[in-house]
Amino acid sequence: QLETVNSTTKTIANMRSFFLFALLVAAASAFVAPAGQTVGMSRTAEAPNMLIDGSVMESAASTANLIATSSGDNGGMFFPVAGIISLAALILFLAPPLKED
């Protein structure tokens, strides 16, 4: 009976090593370019069609600077501080208790 346990253990070890080897081959093949697929001939580049006029973008960029003009606008430092405190509280809540030796 000890021989069958030894044989079963060797079989499981061989299966695990084969599975790990297959995973390594699959991971390595993900970084290899497929053979036989070549890049086609490139055509002449066409100029892209603009969907928005350039003057509209310039005016949008200039008005974006008017939204928050000082550090006190939009709540000031309340939201960054509240975010950091809530993140620290979440970490403290999810942390496992320490063992006392």
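The legends below describe close-up views of a predicted model.

**View 1. The protein chain as a whole, with its three helices.** The protein chain holds three helices and zero strands, and along the sequence these elements follow one another in the pattern α-α-α. Of the 101 residues in the protein chain, buried residues make up 0%.

**View 2. The aromatic pair of Phe78 and Phe79.** The structure holds one aromatic pair, which is formed by Phe78 and Phe79 in an edge-to-face arrangement. A pair of aromatic rings is described by the distance of the centres and the angle of the planes. For Phe78 and Phe79, the rings lie 5.1 Å apart from centre to centre, with 75 degrees between their planes; the pair counts as edge-to-face because this angle is over 60 degrees. Phe78 has a relative accessibility of 53% and counts as exposed, and Phe79, with a relative accessible area of 56%, is exposed as well.

**View 3. A nonpolar patch on the surface, formed by Leu87, Leu90, Ile91, Phe93 and Leu94.** Together, the residues Leu87, Leu90, Ile91, Phe93 and Leu94 have about 580 Å² of accessible area. One of the members of this patch, Ile91, lies in helix α3, which covers residues 78-94. Ile91 counts as exposed because its relative accessibility is 54%, and exposed means over 50%.

Conventions: Residues are numbered from 1 along each chain as its sequence is written. This is a predicted model: local features need pLDDT of at least 70, side-chain atom pairs count only at pLDDT 80 or more; totals for chains, interfaces and linings use all residues. Side-chain values use heavy atoms; hydrogens and water are left out. Helices (H or I, at least four residues) and strands (E, at least two) are DSSP runs, numbered from the N terminus. Buried means under 20% relative accessible area, exposed over 50%, partly exposed in between (1.4 Å probe, protein chains only). Rings of Phe, Tyr and Trp (its six-membered ring) pair if their centres lie within 6.5 Å; planes under 30 degrees apart count as stacked, over 60 as edge-to-face and the rest as tilted. Patches are made of residues with over 30% relative accessible area and no salt bridge: like charges are joined within 9 Å, nonpolar side chains (Val, Leu, Ile, Met, Phe, Trp, Tyr) within 5 Å. Accessible areas come from the Shrake-Rupley method with a 1.4 Å probe; for residues, only the protein chains shown count as cover. A salt bridge is a side-chain nitrogen of Lys or Arg within 4 Å of a carboxyl oxygen of Asp or Glu.
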